[in-house]
Amino acid sequence: MLLKIAKTTALAALTVCTLNAADFNAQAEKDRLALIDYFEAKFDNPEKNRGTFFPYSTDDELKNNIISGLKHEDFAIGNYAFSKNGKVSYEEINEFPPYEEFIENGEKLYEQKFANGNSLATCFPDPVEAGSKYPYFDEERKEVMTLTVAINECRTDNGEKKWNTKKGNMAHVQAFFVSSAKEEEKVVNTKIESADAAAAYERGKEYYYSQKGYLKLNCAECHVQGAALRVRNESLSQLLGQTTHFPVYRLKWGAASSKNDGLGTLERRMSGCVKDQGQVPPKAEDKEMRELLFFMSYMSNGLKIDGPDIRK
Ligand code: HEC
């Protein structure tokens, strides 16, 4: 009898535990599904939905450039998803991807020995896992771990200097990891399994929706409500799918100087966008940057990992 009671209690405790674990991502999941609904509705029929979603777009843009009937998985390719013109040049460039050599160099760097005989391969034995599990919430350290932070930690733990978090070797190794995950058809799967992880998600979300520079804009005004509108000669991409394809090769970064080979990390892109709003961007190691990436990555759950890729 006693044993039976003990068993039942243990079972009840277990059930409560699993229920809670599932609950921690309830808000995030609600947000993610709402975002998918929003973008699918927005791009269902842009001409017809002009009043609701595209009050500032021209007739020509709506008739001749914006693609209609987009579904969840289509959004993974950023602003090329909805732009007829953009998609054509995107497909042309991707026939001869300019980032192949960086993937190869990334693999070399991955195997290269540190002074102490270890290598990145010691810290990241499985490149596919390295390319697909970040960012994640580390329950012991109680903080978000990003791939950029993890790579530099591996280096400093082994007595090596940190790499620049935005470009060069850092971007090359990430290209190797992410392309390995892409080959295995990995999908974004950011998990929220504790109250601390849920709180980190909420802070990241808050940053996305409330940041104010001198322009008094937040990320969502451009990348949710503003998605598909034009800013100068660029169409604004949508939050959904914004983190799936990094590092990216940008024409703009490639041409800038001989120190730039065109490939950059997600943190580099994010800093650029924050700076454009007249704000000082958080550093790659900062909590704010990590939590912002955690939030954005959760929004892309279910989409294919698709890096490296190209952008204008
Ligand atoms: C004034 C409008 C504006 C605001 C506000 C803004 N961005 Fe951007 N963002 C752009 C433009 C323009 C681009 C280049 C075209 C594109 O891909 O959207 C861009 C590109 C990006 C990209 C690259 C997308 C890709 O597919 O490669 C990311 C990531 C990004 N922004 C993140 C952010 C974050 C995070 C914030 C808030 C901290 C933010 N942006 C705020 C205008 C904005």
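1. The side chain of Ser-83 makes a polar contact with the side chain of Asn-65 at 3.4 Å, a polar contact being a pair of N or O atoms within 3.5 Å, of which, within protein, one must be able to donate a hydrogen and the other to accept it, while residues adjacent in sequence count only if both atoms are side-chain atoms. Ser-83 sits in the loop between helix 4 (59-65) and helix 5 (84-95), where helices are DSSP runs of H or I with at least four residues and strands are runs of E with at least two, numbered from the N terminus.

2. The model is a predicted one, in which local features need pLDDT of at least 70 and side-chain atom pairs count only at pLDDT 80 or more, whereas totals for chains, interfaces and linings use all residues. Residues are numbered from 1 along each chain as its sequence is written, and side-chain values use heavy atoms, with hydrogens and water left out.

3. Ser-83 is buried, with a relative accessible area of 7%; buried means under 20% relative accessible area, exposed over 50%, and partly exposed in between, with a 1.4 Å probe and protein chains only. Leaving aside residues up to four places away in sequence, Ser-83 touches Asn-65 and Ile-67, contact meaning heavy atoms within 4.5 Å.

4. In helix 6 (residues 100-111), the buried residues are Phe-102, Ile-103, Gly-106, Leu-109 and Tyr-110. Seen down the axis of helix 6, these residues fall within an arc of 120°, so they line one face of the helix; the arc is that of the directions from the helix axis to the C-beta atoms. On the other side of helix 6, Glu-101, Glu-104 and Lys-108 are exposed.

5. The partners of that buried face are helix 7 (120-123), helix 8 (127-130), helix 10 (169-183), strand 5 (248-250) and strand 6 (263-264). Helix 10 is largely enclosed by the rest of the structure, because 12 of its 15 residues are buried, and what covers these buried residues includes helix 6, helix 7, helix 8, helix 9 (147-157) and strand 6. Just after helix 10, Glu-185 takes a positive phi of about 55°.

6. The ligand is surrounded by 23 residues, the closest being Cys-219, Cys-222, His-223, Ser-237 and Cys-273, where a residue is near a molecule or strand if one of its heavy atoms lies within 4 Å of it. An N or O atom in the side chain of Ser-237 is 2.7 Å from an oxygen atom of the ligand. A polar side-chain atom of Arg-311 lies 3.0 Å from a ligand oxygen atom, and for His-245 the corresponding distance is 3.1 Å.
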